[in-house]
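Work through the exercises below with the sequence and the 3D structure at hand. Try each task before reading its solution.

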Amino acid sequence: QPAIVSRALATNACRLTALARANSAVIGQTINVLDTLINENGIAGANEIFQKECPIVSSTVGKQFRHTYDHLEKVALDGLRTVGEDHKPIDLHYDVRERGGMYEHDVSEARQRAVFIKDYFDTLIRQSEKEGQDACSTDSRRPLTAYFTLPTGNENVAEEIPLSSTLERELGFTCHHAIHHCALIKAIAKAEKTGLLPKHLPPDFGQAPTTFVSVVEDDHRAA
């Protein structure tokens with residue numbers, strides 16, 4: 001997907017818009033996969049595929065989508081909606097999330113959640129394009145605090161650690177993180193143990209941007 005891996009991300013006059021487009025494109029791919037599962041298997045069949053554990057990955061398709069959407073939703077709700085509100089601090093607690101809920105088991109609920117999150121990114125794209133690159137660049141560099149639960153070095157002890165960051169850096173992280181988990185979903189499909197099959201996925205689903213760029217460059221050299 002060119003919208004995901006374009007080199008313009010590094011040089012675009014408004015990185016906030018480019019990063020929002022990248023995240024929106026990844027979410028769009030996942031929505032397409034959910035639609036394919038529903039169309040080919042019905043709601044009940046898609047839910048069964050969603051919940052069946054793959055013994056090779058030790059996870060389910062539903063868990064992978066839920067986890068992906070957790071991070072995207074966090075940066076959308078707690079990050080993007082503060083754009084233009086310079087006085088409001090941004091705190092992203094990535095590990096404060098619900099596991100095992102309906103978003104892991106109900107493909108329709110997961111799809112609705114994905115559409116809801118994507119709309120935040122698409123709204124930001126329209127807003128930043130309207131306001132111009134100066135305001136957009138200022139928002140993209142807004143400082144924030146990202147919290148991650150990390151091991152402390154003591155056995156079975158973890159602690160939520162605050163890390164200084166910016167909105168554009170976290171948008172880059174959520175996109176990269178989503179692609180990584182799409183790659184795990186692709187691994188589940190290739191295992192053919194859950195009902196999810198490679199044919200259900202776009203060819204470049206879960207493909208690292210550097211891999212895509214490398215393939216394009218190799219094709220150009222061979223031409």
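**Exercise 1. Positive phi**

In which loop is the place of Glu192?

Solution. The model is predicted, so that local features need pLDDT of at least 70 and side-chain atom pairs count only at pLDDT 80 or more, while totals for chains, interfaces and linings use all residues. Residues are numbered from 1 along each chain as its sequence is written, and side-chain values use heavy atoms, with hydrogens and water left out.

Step 1. Helices (H or I, at least four residues) and strands (E, at least two) are DSSP runs, numbered from the N terminus. Glu192 sits in the loop between helix 8 and helix 9 (209–222).

Step 2. Most residues other than glycine have a negative phi. Glu192 is not a glycine, yet its phi is positive, about 55°.

Step 3. Ser58 also has a positive phi, near 60°. Ser58 belongs to the loop between strand 1 (53–54) and strand 2 (59–60).

**Exercise 2. Two packed helices**

At what angle do helix 4 and helix 8 pack?

Solution. Step 1. Two packed helices are described by the angle between their axes and the distance between the axes. Axes are lines fitted to C-alpha atoms, for helices over the stretch in contact, and angles run from 0 to 180 degrees between N-to-C directions.

Step 2. For helix 4 (residues 61–78) and helix 8 (residues 167–191) the angle is about 175°, and the axes are 9 Å apart. Helix 4 is therefore roughly antiparallel to helix 8, a label for angles over 145 degrees.

Step 3. Contact means heavy atoms within 4.5 Å. Residues of helix 4 that meet helix 8 include Phe65, Leu72 and Val75, and their partners in helix 8 include Leu171, His177 and Ile188.

Step 4. Sorted by class, this contact of helix 4 with helix 8 has 11 nonpolar, 7 polar and 1 charged residues. Here Ala, Val, Leu, Ile, Met, Phe, Trp, Tyr, Cys and Pro count as nonpolar, Asp, Glu, Lys and Arg as charged, and the others, Gly among them, as polar.

**Exercise 3. The sheet**

What is the order of the strands in the open sheet of 3 strands?

Solution. Step 1. The order is 3-4-5, with mixed pairing; two strands pair if DSSP finds at least two bridges between them.

Step 2. Strand 3 (91–93) and strand 5 are the edge strands, each pairing on one side only. From one strand to the next, the twist averages 25°.

Step 3. Strand 4 (residues 143–151) and strand 5 (residues 158–166) are paired in the antiparallel sense over 9 bridges. Leu144 is opposite Ser165 in strand 5, and Tyr147 is opposite Pro162.

Step 4. The hairpin of strand 4 and strand 5 has 6 residues between the strands, and Gly153 takes a positive phi there, near 100°.

Step 5. Helix 8 lies across strand 3, strand 4 and strand 5, and runs at about 120° to strand 5.

**Exercise 4. Contacts of Glu73**

Which residues is Glu73 in contact with, leaving aside its neighbours within four places in sequence?

Solution. Step 1. Glu73 lies in helix 4. With those neighbours left aside, Glu73 is in contact with Asp78, Arg113, Phe116 and Ile117.

Step 2. Glu73 and Phe116 are 43 residues apart along the chain, and their C-alpha atoms are separated by 8.8 Å.

Notes
Parallel < 35°, antiparallel > 145°, perpendicular 65-115°, else oblique.
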